[in-house]
Amino acid sequence: TDTYAVIGHPIEHSRSPDIHALFAAQTGQDMHYGRRSAPVDGFAASIQAFFAAGGAGLNVTLPFKQEAFERADTLSERAQRASAVNTLMARGDEIHGDNTDGAGLVADLVGRLGTDLAGARVLILGAGGAVRGVVPNLFAAGVARITIANRTRAKSQSVAESCLRMGSIAACGLDEAPFDADLVINAISAGLAGEMPALDDRVLTRARAVYDMIYADTATPFLRWARDRGVAGEDGFGMLVEQAAESFALWRGIRPDTRAVITALRGC
Ligand code: ATR
């Protein structure tokens, strides 16, 4: 039985083991997928121990995606572009790093929700590791312009600068976000805990939909904020399942049916 796990801190609430268990059952794969907690300063030792013991692959979540990028022996092109890794796999004696977040977001937005990204203007709130991972895929899906608005302006500038070759991208502070976006995507992790940072309502002026990369059992603060202003949206549970499917396909060479899993775990 090949062994996989999701590694992060904290990790207790991760839904990844449930998702991969359903994928494995659906595709008849003989594998086990668990949770692995690493101390914040013990990520490298933890992954070394996992692979030394014969582990086959890891999903990496907060706060280790950037460190996984630094620790991997080899990197896929999309992991290099993202400067972040969410999927590790044993390749001989080496640990290979990949990033499936961007593919997961676009699969959910376009494949499941039918969002038309061709020519769209997208506003992204936040500039963390998750954002670097999704920008290339959004451009590849036909997005015309991306603006990254972040509390710390220097960070949105740094993300935008590293993505300049991919398409038309701009950076600003949260209080300078433009009012003409067709789609507003939240990647501010504070949304998880409860509070939405103050945002000008006018950023929703032209928005046809919003998407929260954060997910929760009840509507996230960002989704509630948008809904109160007449704009509907989805949270990132679909993205979570889609990025998991992409990792699963890398590891096992077989693509699971994500819709069935989203329905089973969410009942929608
Ligand atoms: P991830 O890798 O998941 O994107 P991260 O790297 O920790 O997570 O990034 C978190 C993002 O949420 C950042 O854009 C952060 O803004 P700063 O760069 O200014 O820190 C944003 N964020 C977190 N708490 C916030 C808050 N209370 N108000 C506004 N933005 C917040």
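**Reading a predicted model: contacts, aromatic pairs and a pocket**

Q: With which residues is Ser-76 in contact, leaving aside its neighbours within four places in sequence?
A: In this predicted model, Ser-76 is in contact with His-96, Gly-97, Asp-98 and Asn-99. Ser-76 sits in the loop between strand S4 (74–75) and helix H4 (77–82).

Q: Is Ser-76 buried or exposed?
A: Buried means under 20% relative accessible area. Ser-76 has 12% relative accessibility, so Ser-76 counts as buried.

Q: How many aromatic pairs are there, and what describes a pair of aromatic rings?
A: A pair is described by the distance of the ring centres and the angle of the planes. The count here is 7 aromatic pairs. One of them, Phe-23 with Phe-248, is edge-to-face, at 5.4 Å centre to centre with 70° between the planes. Phe-23 belongs to helix H1 (residues 16–27) and Phe-248 to helix H10, 225 residues apart. Phe-23 is buried at 0% relative accessibility, and Phe-248 is buried with a relative accessible area of 0%.

Q: What are the distance and angle for the rings of Tyr-33 and Trp-251?
A: Their centres are 6.2 Å apart and their planes lie at 45°, so the pair is tilted. Tyr-33 is in strand S2 (residues 31–37) and Trp-251 in helix H10, so the pair ties together parts 218 residues apart in sequence. Tyr-4, Tyr-33 and Trp-251 form one aromatic cluster.

Q: Which residues are closest to the centre of the second largest pocket?
A: This pocket holds about 220 Å³ of space. Of its 17 lining residues, Leu-223, Gly-233, Glu-234, Asp-235 and Arg-266 are the closest to its centre. By class, the lining has 8 nonpolar, 3 polar and 6 charged residues.

Technical notes
Residues numbered from 1 in each chain as written. Predicted model: local features only at pLDDT ≥ 70, side-chain atom pairs only at ≥ 80, totals over all residues. Heavy atoms only, no water. Helix = DSSP H or I, 4+ residues; strand = E, 2+ residues; numbered from the N terminus. Buried < 20%, exposed > 50% of the residue type's maximum accessible area, 1.4 Å probe, protein only. Contact = heavy atoms within 4.5 Å. 1 Å grid on protein atoms, 1.4 Å probe; cavity = no way out; pocket = protein on both sides within 12 Å on 5 of 7 lines; lining within 4 Å. Points joined across faces, edges and corners; volume = space filled by probe spheres on them. Nonpolar A, V, L, I, M, F, W, Y, C, P; charged D, E, K, R; others polar. Phe/Tyr/Trp six-rings, centres within 6.5 Å; stacked < 30°, edge-to-face > 60°.
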